[in-house]
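Have the chain open in your viewer and follow along.

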Amino acid sequence: MMRSAFRLLSPFGSRAKLSTLIFHRVLAEPDPLFQDEMYARRFDEICGWLKAWFNVLPLDAAVHHLRYGTLPERACCITFDDGYADNLAIATPILQKHGLTATFFIATGFLDGGRMWNDTVIEAIRHCRAEHLVLDGFGEFALTTVQQRREAIDALIGKIKYMPLEPRRQVTEEIARAAGVEPARNLMLGADGVRGLREAGMQVGAHTVTHPILARLPRDQAAEEMRESQRFLQELLRERVGLFAYPNGKPGSDYLPEHVMLARELGFDAAVSTAWGAAGERTDSFQIPRFTPWDASRNAFGLRLARNLWSAR
């Protein structure tokens with residue numbers, strides 16, 4: 001039934017629609033602090049559903065078919081952002097089990113021991129032994145319960161997210177020091193792990209160096225972030241890297257039309273956003289939308305994917 005619905009909503013050819021799913025991490029077990037975070041058993045279920053319902057394609061091939069009106073019916077792509085170590089250790093074996101491929105967008109500045117700023121905040125609050133934490137400029141946070149810790153994390157990330165790069169880094173490190181925590185440095189892939197993704201048959205795309213909000217950078221600095229991540233990956237993999245993901249990815253606030261132009265000028269073939277929707281014949285291939293349902297059950301997950309396709313007509 002679900003497969004037939006997707007065939008109607010996304011037929012072959014010029015009327016086809018491309019569903020592109022976005023993930024970040026796949027943990028070994030559920031995280032009590034982030035109950036909506038993907039974990040192995042759930043990702044295995046989702047991959048089984050996608051295998052049954054869709055033609056899952058490499059992103060570069062899907063974009064090519066979309067441009068030329070030859071996209072197969074029920075087309076779908078799987079993508080991951082940032083470059084977490086569990087992408088190789090946990091997600092990739094599950095993808096291989098189901099015969100699926102995915103594209104992994106790597107923020108190259110965090111490879112081999114780096115850490116994203118939001119993970120500094122998360123791990124600092126997660127492992128803080130105090131029941132109350134006072135932070136200059138942010139106030140006092142109760143940390144007695146899991147819910148309180150989650151609320152503290154969400155509040156801090158919301159306040160820090162759009163700071164300039166260096167002040168943002170400094171503030172997050174200060175939070176970790178105040179919490180008395182040295183956050184882990186093994187959360188992200190190493191260079192060998194990126195090579196491992198390619199050796200496993202996965203695609204690799206660029207995601208800037210330091211994962212900045214491009215809309216907050218001078219144009220030259222934004223171009224350097226995009227260019228350098230592509231250059232690093234091309235040298236690492238000894239192949240062309242033609243796919244790009246805008247950090248955070250919300251059009252108009254996280255990236256602007258000038259960054260779409262930059263992606264073209266830098267020689268990328270396509271780029272993805274985090275705007276909800278599905279790509280169609282008229283979609284700009286440098287602003288491919290992505291959408292992932294959050295529903296736990298098979299039917300609800302499938303119905304929300306179907307609604308996403310319906311809304312993209």
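**Helix α11 and its neighbours**

In helix α11, the buried residues are Phe301, Gly302, Leu305, Ala306, Asn308 and Leu309. Buried here means under 20% relative accessible area, exposed means over 50%, and partly exposed is in between, with a 1.4 Å probe and protein chains only. Seen down the axis of α11, these buried residues fall within an arc of 155°, so they line one face of the helix; the arc is that of the directions from the helix axis to the C-beta atoms. Arg307 and Ser311 are exposed on the other side of α11.

Before going further, a word on what you are looking at. This is a predicted model, in which local features need pLDDT of at least 70 and side-chain atom pairs count only at pLDDT 80 or more, while totals for chains, interfaces and linings use all residues. Residues are numbered from 1 along each chain as its sequence is written, and side-chain values use heavy atoms, with hydrogens and water left out. Helices (H or I, at least four residues) and strands (E, at least two) are DSSP runs, numbered from the N terminus.

Back to α11, which covers residues 298-311. At 1.5 Å a residue, its 14 residues should span 20 Å, and the end C-alpha atoms are 20 Å apart, which agrees; the expected span is 1.5 Å times one less than the number of residues. What do the buried residues of α11 pack against? Their partners are α1 (2-9), β1 (18-23) and α2 (40-53), where contact means heavy atoms within 4.5 Å.

**Rings that meet**

The structure holds 14 aromatic pairs. Rings of Phe, Tyr and Trp (its six-membered ring) pair if their centres lie within 6.5 Å; planes under 30 degrees apart count as stacked, over 60 as edge-to-face and the rest as tilted. Phenylalanine 6 and tryptophan 53 make a tilted pair, 5.6 Å centre to centre with 45° between the planes. Phenylalanine 6 lies in helix α1 and tryptophan 53 in helix α2, so this pair ties together parts that are 47 residues apart in sequence.

Another pair, tyrosine 246 with tyrosine 255, is stacked: 3.9 Å centre to centre, with 5° between the planes. Both of these tyrosines are buried. Returning to phenylalanine 6, ring pairs link Phe6, Trp49, Trp53, Phe54 and Phe301 into a cluster. Phe301 is also one of the buried residues of α11.

**A strand covered on both faces**

Now find strand β7, residues 203-206. Both of its faces are covered: Gln203 and Gly205 on one side, and Val204 and Ala206 on the other, are all buried. Strand β4 (residues 103-106) pairs with β7 in the parallel sense over 4 bridges; two strands pair if DSSP finds at least two bridges between them. Phenylalanine 105 stands opposite glycine 205 in β7.

Valine 209 sits in the loop between β7 and α9 (219-237). With a relative accessible area of 18%, valine 209 is buried. Not counting residues up to four places away in sequence, valine 209 touches Ala107, Thr108, Gly109, Phe110, Glu225, Glu228 and Ser229. Valine 209 and phenylalanine 110 are 99 residues apart along the chain, yet their C-alpha atoms are separated by 7.6 Å.

**Charged partners**

Side chains of opposite charge can pair when their charged atoms come close. A search of the whole structure finds 21 salt bridges, each a side-chain nitrogen of Lys or Arg within 4 Å of a carboxyl oxygen of Asp or Glu.

One of them joins glutamate 45 and arginine 41, with the closest N and O atoms 3.8 Å apart. Both lie in helix α2, 4 residues apart, about one turn of the helix. Glutamate 45 is partly exposed at 33% relative accessibility, whereas arginine 41 is exposed at 53%.

Helix α6 (residues 146-160) holds arginine 150 and aspartate 154, also 4 residues apart. Their salt bridge brings the closest N and O atoms to 3.1 Å.

Finally, aspartate 295 and arginine 304 meet in a salt bridge of 2.5 Å, N to O. Aspartate 295 counts as buried at 12% relative accessibility, and arginine 304 as partly exposed at 22%. Elsewhere, salt bridges that share partners join Arg7, Glu73 and Arg74 into one network.
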